[in-house]
Amino acid sequence: MAWNTNLRWRLPLTCLLLQVIMVILFGVFLRYDPDADAHWIEERLGRNISSDMDNEFYYRYPSFQDVHVMIFVGFGFLMTFLQRYGFSAVGFNFLLAAFGIQWALLMQGWLHSFHGGYIVLGVENLINADFCVGSVCVAFGAVLGKVSPVQLLIMTLFQVTLFSVNEFILLNLLEVKDAGGSMTIHTFGAYFGLTVTWILYRPNLYQSKERQSSVYHSDLFAMIGTLFLWMYWPSFNSAVSDHGDAQHRAAINTYCSLAACVLTSVALSSALHKKGKLDMVHIQNATLAGGVAVGTAAEMMLMPYGSLIVGFICGIISTLGFVYLTPFLESRLRIQDTCGIHNLHGMPGIIGGIVGAVTAASANTQQYGQKGLAHAFDIDATKTTWTASMQGSFQAAGLFVSLAMALVGGLIVGVILKLPFWGQPADENCFEDAVYWEIPEDQKSLVSRSEDPTLRPTEP
Amino acid sequence: MAWNTNLRWRLPLTCLLLQVIMVILFGVFLRYDPDADAHWIEERLGRNISSDMDNEFYYRYPSFQDVHVMIFVGFGFLMTFLQRYGFSAVGFNFLLAAFGIQWALLMQGWLHSFHGGYIVLGVENLINADFCVGSVCVAFGAVLGKVSPVQLLIMTLFQVTLFSVNEFILLNLLEVKDAGGSMTIHTFGAYFGLTVTWILYRPNLYQSKERQSSVYHSDLFAMIGTLFLWMYWPSFNSAVSDHGDAQHRAAINTYCSLAACVLTSVALSSALHKKGKLDMVHIQNATLAGGVAVGTAAEMMLMPYGSLIVGFICGIISTLGFVYLTPFLESRLRIQDTCGIHNLHGMPGIIGGIVGAVTAASANTQQYGQKGLAHAFDIDATKTTWTASMQGSFQAAGLFVSLAMALVGGLIVGVILKLPFWGQPADENCFEDAVYWEIPEDQKSLVSRSEDPTLRPTEP
Amino acid sequence: MAWNTNLRWRLPLTCLLLQVIMVILFGVFLRYDPDADAHWIEERLGRNISSDMDNEFYYRYPSFQDVHVMIFVGFGFLMTFLQRYGFSAVGFNFLLAAFGIQWALLMQGWLHSFHGGYIVLGVENLINADFCVGSVCVAFGAVLGKVSPVQLLIMTLFQVTLFSVNEFILLNLLEVKDAGGSMTIHTFGAYFGLTVTWILYRPNLYQSKERQSSVYHSDLFAMIGTLFLWMYWPSFNSAVSDHGDAQHRAAINTYCSLAACVLTSVALSSALHKKGKLDMVHIQNATLAGGVAVGTAAEMMLMPYGSLIVGFICGIISTLGFVYLTPFLESRLRIQDTCGIHNLHGMPGIIGGIVGAVTAASANTQQYGQKGLAHAFDIDATKTTWTASMQGSFQAAGLFVSLAMALVGGLIVGVILKLPFWGQPADENCFEDAVYWEIPEDQKSLVSRSEDPTLRPTEP
C-alpha cells in the first residue's frame, strides 16, 4: 500500500505543538535546583559548605557531557551504516532526542524531583533525561528506515512516559539499583522497540533490500558512533552513581568489561565467517554489549575479573545473535530489527539485570565494610530487615517488570503507530533518505532508480 | 581577473613571520598564573587553601576541552559541507585558529591579565583565547571558499585585535555581562564577517556555482561539526561564569534552549519546502541558533522556560533567514554569505544581546537573593548606584558598540583584504580545494574539468 | 611468496586464549584501589578527608576520558587515510588497544601498584594503561597495511611487556620525569615500530603502491583523528602530573607548543611544494609533533615561550622528515614506514627527551621556589645529594635506555613476526581491507581488480 509521505503540515504542526506544550509545562513546573539557583551563595553559607567545588555541578558535569555525546553522536552515527539513510539516522535521532530530553525532564521531574509544587532542575536531571532518551534511541534502532519522523516523535512521547513510570517502579518502589540502566534503559528500550517493530511488520520489505546494507564510507561513519559509545560508556555507567568510590568503581568495571568484549566479538566474528573474515556489523555493535551488561552491577563490588567475564560472555552472545538469531527473528517471528538491537541491548540488558541481581545477592560486609554496604544499598535506619538476598530478589523482580512494561507498552504504541496517516514510507521506499530529505545531486544521479521515490508507483 | 594563487613564498613567510613574533612577545610578556606556577604549593599554604581541588584548573578544564573541540572540530567540520572544499574548511580553520589563540592570549592578556609587567596565564585565558578565535571562525563562514589562507591569517590578526578591544570596552568599561559571548563573539564575528564579504563582493561568483553545494557524504561530515557544537554549547556558555551556581545554571539554560531550537528548526524546514522535505542546511545550522541566543543570559536567572522560548524563536528566525534572507542579501545587498552566518550568528546574536539586556533589567533580589544579586552582577561597595535597569541599558549599549566595531572594523579589514596580492582564487575557482591543496587522484579524475584550476584561463 | 590469510582459526583462538588468560590473571591479582573500593567511606573518615571531591577520581577522570578518545578515535582515525584500509585502521587499532590495556593493567600493576599481593586499580592505572597502548598504536603506524591482526596482537603482547619494563627502569630506577611520555611512549614506540618494519621489509611492496595513497574522503576521516589528538593532547601530557599547578602548567605548555607547530608545519608544507600547495599528510601529522616534543618538559617550568619554540622547531623538522627522510629511509635503509611515525613520534620524541633533560638541568629554586622544586622533582629527605644537573643527566640516560630497549625489543619481536604462519598478506595485497574484512558491494565493484585478493595468484 502507498501512504502519503509529504509531511509538509504534519511534521511542522507536530513539532510546534509539542514544543509549545513544553514551554507551557516548563513555565508552570520547572525551577532551578538549589545548586543551580542564584540563592546558592546564601545556601552555601547556611549549609556550611567550604568550597564551590562541592556544588553538584563539578561531580557530574564531565560525565554528563560524555553521556550527551553518546546520545547524539554515538547513537546518531552508529545508525549511519545504511548506504542511503545517513541523513535520517543522524537527523531523526537528533530530533527525537531533542524532544525527548524535554519531556523526560518533566516526567522524571514529577516522579523524582518534585518539591513544593515545582520540579527542581540540576545537572543530574539532565543526565537522567539523556538516559531516558537513550532508551528511545535503542528502540529507534529496531524501526530504523521504516518509520516517519512524525511516528518517531509520537513513539518518543509515549516511550519517555512509560520509561519514567517503569523507572519509578524500579528505583522507588522496588528500591532496585540500576545506575547504568541495564534494565531501565537497555532491556526496556530493546523489548519496547522490538514489540513496536513486530506490530509494524512489513511483509514486502524485501523490496527495499538493496538499500538495507552499507557502503564503504557509511561503515566508517558508523564506527565514529561505535567508538564514542565505547569510549564514553564508563561515564554512562558511573554518571549517577554515588559520589566517590561508587563513581570510580563503576567507571573501572565498565572499562574492563568493554575491553574483554572487543576480543570475544572479534573472535566470534572471524570464526563464524567461512573465510575467517571480520564483519563490520559485529565490530560496530557486539563490541558494545559489555557496556550494556555491566550497567546494573558496575557500581557494585563486581571485581575487575567479574567485569571481564561479563564482557567476555556478551561479546560471544551478541555476535552469535547477529549471525543466527536476527535472521531467525525476522523469518520466523516477523520481527524486523534493522540494527539488531536485540543482540546489542536486548540480550545483554537481560544479562545485565541478572548479573546485577546475583552481585547484589552476594553482597556482604566483608566486601563492602559495614558503612560501605549501608551506603551502597541506601540502608538507613528504616530498613532493618534488609538482606542481600532480598535485594537480589527485588533486582530480579525489576527485570521482569521492565520486560512486562516494554511488551505491553510496545504493543499499545505499535498499534498507534500502525495508523495509516503518520507519513510512513511504502515498503519499497524504506531505508531511503530521499523520502524525507532534500538530497544533493550526486546521489540522485548515482542512484538512478530513485530520483524521487515518493513519486514512484507502489509496485515496481 | 586572474590572480596568482601560487603561495609558495607568501604563505610560508607569513606563517613564519607571525610565529617568530609570537615567540618574542611570549618571551617578553607571558608568565604562568599563580595557579599554574611551581610556587603554587607555597601560595596554597599562604592563602590557606585546604585542597588541591581548589586550583582553578579543576573548575574550568573540562569546559575548556569542550570549547576546544567546538573551535577545531565543531567549526572545522561544520564547514566541510561543500563538495570540494573539505580540506580547506578543516585545514584553514585549523591554521587560523592555531595562530589566533596565540595572538588572543597576548591581546586579551594585555587588557585583562596584566600584572607587574607580565601577562599571567591560566586555564581561563586559554578558554578566552578560544572564544576570541570563535568569532574569527564565525567570520570565516561568510568568506568560506573565496579567500586564500594568507588573507585568513591577516583577517585573524586584525579581528582578534578588534575583538579584544571591543571585549574590553564591554566587559571593563561598560561592565556588561556576556559569559557566552552573544555580543562579543557572535554579533561581532558575524557582522564583521558580513562586512568583509560585502567589500570582497565577487560579481562572477556564479561561475563557481556548481561547486557551491554539498554531496551526500560532505553533509554527513558537516553533521559531525553540528553535533559537537550543539552538544558542547552548554560548556561554551558556562565556561567562564562564576564558580558554582552560575556555571551550573548557564549549562542548564543552554541545554534547554538548544533542545527547543531543534524542534522549531525542523518544523520550519519542512513547512517551507513544497513537498515537506527537510533541508540539511537548516538542520546543520539553525538548530544551533538557540545556543547563540542564550549566550548573554544563560548565567542569569532566565528560567528554564525562558530558555525554551529563546530557542523556540531562534529556530524559526534562523530557518526563515536561510530560506528568504540569505538569497535577498546576496542578490540585493551583494553580501555573499557562504555559510549563512547571518542566520546562525548574526540575528541570534542580536537576539541574545536583547534577551540579556531584558533579563538583566528585570533582575531583582527576590529572584537572586540579596547576596546572589550582588554576586551575579559584581556589585561591590563601590557601586552604590547600581540598578537593574541601568545594567540593562549598559547591556543594550554593549550590543550597539559591538555592532559598530564590527562594521567599522570589517570595512577596514575588507579593504586591506581586497588588495590583489594575497593569492585569492579567481571567481571561477572558488570553493575548490585544488587551488591550495595537493589533491588525491580520485577527485582529479572524477572532476575532469578542473585537473588543476590554477592553470586554467581566466574566462572559461 | 603467498601466505594463507584465512584467519578462521588463528584469530579466534588467539583472541580467546589471550582473553581467558586475562580473566584468570585479573582474578588472581586485581583488586580495587582504596579510592574505588566500597570501604572508602570508612577510609575517608579515617584519613580525615572532608569532601568526596578529594577522591582521586575527580582529579583524573576528565583527563582519562580525553586520553581514551585519543587512543581509540585519535589513532584509529588518523590511520584511515589510506583509500582501502579504513576498516583495518580503525578496527585493528580497536582490537589491539582493547587487548593492550588489559595486559598493561597487569604489567604496570605488578611493577607500580603491587600492594600486599594484589594490584590495586584506580583511575590513574587506566590512564597509564592507555598511555602504554599509545606506544603500540605508534608502532602500528609503521607496519600499517602490512601485517595481520594476529601479528598485531602478538606485537602488542610483547611491546606492552617491554614498555612496562622500560618505564619501570626510567621512572623507578633512574627516577626520571616523563609525564607526557616523550621517551617512554613516543621514542620507545616509534623506534620499536621502525625496527619491526625494518625486519619485516617487503621488497615487492611496490605491487601495492596504487593503494598506498588516500582518496578525498579518507583524508577527511583522517582529519578527525588528527584533530582529536591535537585538541586533547594537553590532557595527555597533564593526565598523570601532580595535582594542582603541575597539571595546570602541563596543559598550558602543550596548548602553546601545539599552536606553534601548526604554523610552521603549514609554512614548510607550502614551501616544499613546487606550486606552494599544502599536503594533507603534513597537516595530518606534523601539526602534532609539538605535542610529542613537550611530553617530558610540559609539567616543568618550561615557560610559554619555551613551549612555542619547541613546537616551532618540531613542525619544521617533522615536515622536512616527511618530504626528505621517509623516502630516504625506505629506499636506502629498507625501512617502510607507512604513516611516517619517524617524523611524528621518532624525532620529536628524541627532541622531547632532550628538551626535558635540559629543562630539568636548569631547574632552580628561583623558578620553582624551595618547596616547589622539592615537590616537582620528588626530592624528599632521602635525596640529600639531588642536583638539577644530575637530574638532567638521568633524563638523558633515560632517553638512551628507551632507544636501546626499542631497538633490541623491536629486533626480537620483528623476528618473531617474520614467521610465515601469522596470516600476513602477500606483497601485492597490502593496504587492502578485503583481505581480512567482509567488504560492502560498492567497493567490490568499484575496484574490479580485487574482488577477493586472497584468491589472486601470487604474481600478477
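These legends describe close-up views of a predicted model. Local features need pLDDT of at least 70, side-chain atom pairs count only at pLDDT 80 or more, and totals for chains, interfaces and linings use all residues. Residues are numbered from 1 along each chain as its sequence is written, chains are lettered from A in the order in which they are written, and side-chain values use heavy atoms, without hydrogens and water.

**View 1. Phe228(A) in the largest nonpolar core.** A nonpolar core is a set of buried Ala, Val, Leu, Ile, Met, Phe, Trp, Tyr and Cys residues joined through side-chain atoms within 4.5 Å. Buried means under 20% relative accessible area, exposed over 50%, and partly exposed in between (1.4 Å probe, protein chains only). The largest core has 472 residues, of which Ile224(A), Phe228(A), Phe228(B) and Phe228(C) touch the most other members. Leaving aside residues up to four places away in sequence, Phe228(A) touches Val69(A), Met70(A), Val73(A), Phe228(B), Val69(C), Val73(C) and Phe228(C); contact means heavy atoms within 4.5 Å.

**View 2. Relation of chain C to chain B.** Pro62(C) has the C-alpha nearest the axis in chain C, 3.7 Å from it. Copies are superposed by least squares on the C-alpha atoms of residues with pLDDT of at least 70 in both.

**View 3. Salt bridge between Asp378(B) and Lys177(B).** A salt bridge is a side-chain nitrogen of Lys or Arg within 4 Å of a carboxyl oxygen of Asp or Glu. The N to O distance in this pair is 3.1 Å. The partners are 201 residues apart: Asp378(B) is in the loop between α15 (370-376) and α16 (388-418) of chain B, and Lys177(B) is in the loop between α6 (149-173) and α7 (182-199) of chain B. Helices (H or I, at least four residues) are DSSP runs, numbered from the N terminus. Asp378(B) is partly exposed at 41% relative accessible area, whereas Lys177(B) is buried at 14%.

**View 4. Salt bridge between Arg47(A) and Glu43(A).** The two side chains meet at 2.7 Å, N to O. Arg47(A) is partly exposed, with a relative accessible area of 46%. Glu43(A) is also partly exposed, at 29%. Over all chains, the count comes to 39 salt bridges.

How values were computed:
Helices (H or I, at least four residues) and strands (E, at least two) are DSSP runs, numbered from the N terminus.
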